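Hi everyone, thanks for coming. Let me put the structure up on the screen, and then we'll walk through it together.

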Amino acid sequence: MRVRIPGRCAAAIAAGVLAAGVPSAHAAPPEAGALPALTVTPLMEGLSKPWDVVAAPDGTILTGERRGRFVARGPDGDVRDVRADLSDLYAEGETGLMGLALAPDFGTSRTLYSCQGHRGPDGTDIRVQSWTVDAGWTELTRGATVLAGIPAGQGGRHGGCRLLAHPDGSLYVGTGDTAHPQVPQDRNSLGGKVLHIDPDGTPAAGTPDPNSPVFTLGHRNVQGLAQRPGTGELYAVEQGTGRDDEVNLLLPGGNYGYRPDRFPFVYDESVPMTDPARVPGAIGAVWSSGAPTLATPGGTFVAGAGWNGWDGALVITSQQQEKLLFLELTADGRAVDETATALEGRFGRLRSVTARPDGALLVTTDNGSGDRVLLVEPAAD
């Protein structure tokens, strides 16, 4: 089933254009720079909290449910479970099977990375795990644990954990602060950071401290990472408190100013997301939501002529406001020129967004049951 959704503009979207069971649109105020009309096609259905999705060179897409299940859809449309040993998975609260990334050389290496909670005899943590995928997409075989020791919070709160596979073969890892007051500013903790590692888990070239994987610090809960086409700039999408979800341009060694430790042993979420008064030199956000927050767990850049004036824009997902938000960045990447929204209220909470090479987007929903992987693309003229 394909659903064609007009771009948001001054006119209200006509009612009844969506399939039965999906709410029709409501009138909306004008927005600068109308998006192209979008076509939405459900590719996978009946899922439960699919946290991330990746697209392989052969056309297969793979998603993982947070409580521990891999599911693939082949290029022929066949959907099937993919066997994997997840016997040590720690899946509580916001932690479980989370970010996924294909190695840049996946076509030959068949290497997949996951970021996931781990429970063992020594307790719980969050780990980056490597896997090898068989040619038929029936089984994932465990490889090495790439990185261990990312903290897991009590009840799984603020577990992160987004992966970005850089074309040079290294990995960026966005982590959460475990809702612990000292973690975001603690350079000895891997929580509340963006990490940069090589596939063997060692700090990648260019990290500020060659003995540490910490690339940036002062974060609350980084759940989106995206690289800007043409410039290579890296952006983090971060979940805010009661206000100020953020998009941050990542600079090596940058401190993004979250410091929720005003009172001893108290996780004080009333502090600003970026607090230059208490964190001198804190780097301000490229974009922030204000209040209330949108709950922003994913982001990617769109590319292709079909996106018209939005080619090259950053698109982020929203759980609370159930929409995609498009941000047209300034040329220097440090501010936002225009915004537009799509899919608002139509598919519930939106979790991850992944760009395919053909310019289409893969979006996962986060409603707890009956979740989907959606193909979202500019409608053909």
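Let's start with a question: which residues lie nearest the centre of the second largest pocket? They are Glu94, Gln223, Gln239, Ala295 and Gln319, and the lining as a whole has 19 residues. Please keep in mind that this is a predicted model. The second largest pocket has a volume of about 250 Å³. By class, its lining holds two nonpolar, nine polar and eight charged residues.

Now, on to the largest pocket. Its volume is about 960 Å³. Here 36 residues form the lining, and Leu164, Ala165, Thr300, Thr354 and Ala355 are the ones nearest the centre. If you sort that lining by class, you get 24 nonpolar, nine polar and three charged residues. Several elements each give at least two residues to this lining, among them strand 3 (50-55), strand 7 (97-102) and helix 1 (106-109). Strand 11 (162-165) and strand 23 (350-355) are also among those contributors.

Asparagine 255 sits in the loop that runs between strand 17 (246-249) and strand 18 (287-288). Is asparagine 255 buried or exposed? It counts as buried, because its relative accessible area is 13%, and the cut-off for buried is under 20%. Leaving aside residues up to four places away in sequence, asparagine 255 touches Gln185, Leu217, Gly218, Val279, Gly281, Ala282 and Ile283. Its side chain also reaches the backbone nitrogen of glycine 257, at 3.0 Å.

That's my tour, and I'm happy to go back to any part of it.

Key. Residues numbered from 1 in each chain as written. Predicted model: local features only at pLDDT ≥ 70, side-chain atom pairs only at ≥ 80, totals over all residues. Heavy atoms only, no water. 1 Å grid on protein atoms, 1.4 Å probe; cavity = no way out; pocket = protein on both sides within 12 Å on 5 of 7 lines; lining within 4 Å. Points joined across faces, edges and corners; volume = space filled by probe spheres on them. Helix = DSSP H or I, 4+ residues; strand = E, 2+ residues; numbered from the N terminus. Nonpolar A, V, L, I, M, F, W, Y, C, P; charged D, E, K, R; others polar. Buried < 20%, exposed > 50% of the residue type's maximum accessible area, 1.4 Å probe, protein only. Polar contact = N/O pair within 3.5 Å; in protein donor to acceptor, adjacent residues only side chain to side chain. Contact = heavy atoms within 4.5 Å.
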